[in-house]
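Work through the exercises below with the sequence and the model at hand. Try each task before reading its solution.

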Amino acid sequence: MPRAPRNAPGVEIAAADPAAPDVRALIEELDAYLGALYPPESNHLDAPGELQGEHVTFLCARLDGEPAACGALKLLPGVEPYGELKRLYVRPRHRGRGLAKRLLGALEQRSRERGVALLRLETGVQQPESLGLYRAMGYRERGPFGDYGADPQSVFMEKRLTGEALGAR
């Protein structure tokens, strides 16, 4: 089946319940994908229940109603609050349409709206497409943060959001 053009009309990005059966299936697909790439101790996966709550924004990109991609933003307190990007994934048959870039942009916008100017993430060395996307979107490598420890399978990155005014905290 041919792919739809990039930024195809029929794509809707909106908040979603990570426990909904169709979205949970997408998350389980991501878990299986990451499980094939990394040993268990190098997979830092938040369960669907951890992706719910006031401090988390979970978005799903649907293509003609079907979940095609997902991503989450967890807001974390601290001296300088930051957002951690989690669970950014595009189903293989939907790749090449710009969904990851659109989801990442939507998560960045949600962070701005919440008044959080710093985003961080952990991804893996076996995911060159993800690393390329993050670098192209302005993320730079850094050391471990939060509860993460050094791991040769992990790449830690961050981006300070600029441009649009940040909302009130």
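The exercises that follow concern a predicted model, and each task is followed by its solution.

**Exercise 1. Strand E2 and its partners**

Determine which strands pair with E2 and in which sense.

Solution. Begin with strand E1, residues 11-15: E1 and E2 pair in the antiparallel sense over 5 bridges. Within this pairing, Ala15 stands opposite Leu59 of E2. Next take strand E3, residues 66-76, which pairs with E2 in the antiparallel sense over 8 bridges. Here Arg62 has Pro67 in E3 as its bridge partner. The hairpin of E2 and E3 has 2 residues between the strands, and Asp64 in this hairpin takes a positive phi near 55°. Finally, look at how covered the strand is: of the 8 residues in E2, 7 are buried.

**Exercise 2. Asp46**

Locate Asp46, decide whether it is buried or exposed, and list what it contacts.

Solution. First, the location: Asp46 is in the loop between helix H1 (21-37) and strand E2 (56-63). Second, the accessibility: the relative accessible area of Asp46 is 7%. Because this value is under 20%, Asp46 counts as buried. Third, the surroundings: setting aside neighbours within four places in sequence, the contacts of Asp46 are Leu51, Lys74, Lys86 and Arg87. With Lys74, the side chain of Asp46 makes a polar contact of 2.9 Å.

**Exercise 3. Tyr148**

Describe the position of Tyr148 and find the polar contact that joins its side chain to Glu84.

Solution. Tyr148 sits in the loop between strand E6 (140-142) and strand E7 (154-160). Its relative accessibility is 15%, so Tyr148 counts as buried under the 20% limit. Leaving out residues up to four places away in sequence, Tyr148 touches His44, Glu84, Lys86, Glu122 and Phe156. The side chains of Tyr148 and Glu84 are joined by a polar contact of 2.3 Å. For a residue elsewhere in the chain, take Asp17: Tyr148 and Asp17 are 131 residues apart along the chain, and their C-alpha atoms are separated by 26 Å.

**Exercise 4. The largest pocket**

State how much space lies in the largest pocket and which elements line it.

Solution. Start with the volume: the largest pocket holds about 740 Å³ of space. Then turn to the lining, which has 33 residues; the closest to the pocket centre are Leu88, Tyr89, Gln127, Ser130 and Tyr134. Now sort the lining by element. Those that give two or more residues are H1, strand E4 (82-90), helix H2 (99-113), strand E5 (118-124) and helix H3 (128-136). E4 contributes the most to this lining, with 6 residues.

How values were computed:
Residues numbered from 1 in each chain as written. Predicted model: local features only at pLDDT ≥ 70, side-chain atom pairs only at ≥ 80, totals over all residues. Heavy atoms only, no water. Helix = DSSP H or I, 4+ residues; strand = E, 2+ residues; numbered from the N terminus. Buried < 20%, exposed > 50% of the residue type's maximum accessible area, 1.4 Å probe, protein only. Polar contact = N/O pair within 3.5 Å; in protein donor to acceptor, adjacent residues only side chain to side chain. Contact = heavy atoms within 4.5 Å. Pairing = 2+ DSSP bridges. 1 Å grid on protein atoms, 1.4 Å probe; cavity = no way out; pocket = protein on both sides within 12 Å on 5 of 7 lines; lining within 4 Å. Points joined across faces, edges and corners; volume = space filled by probe spheres on them.
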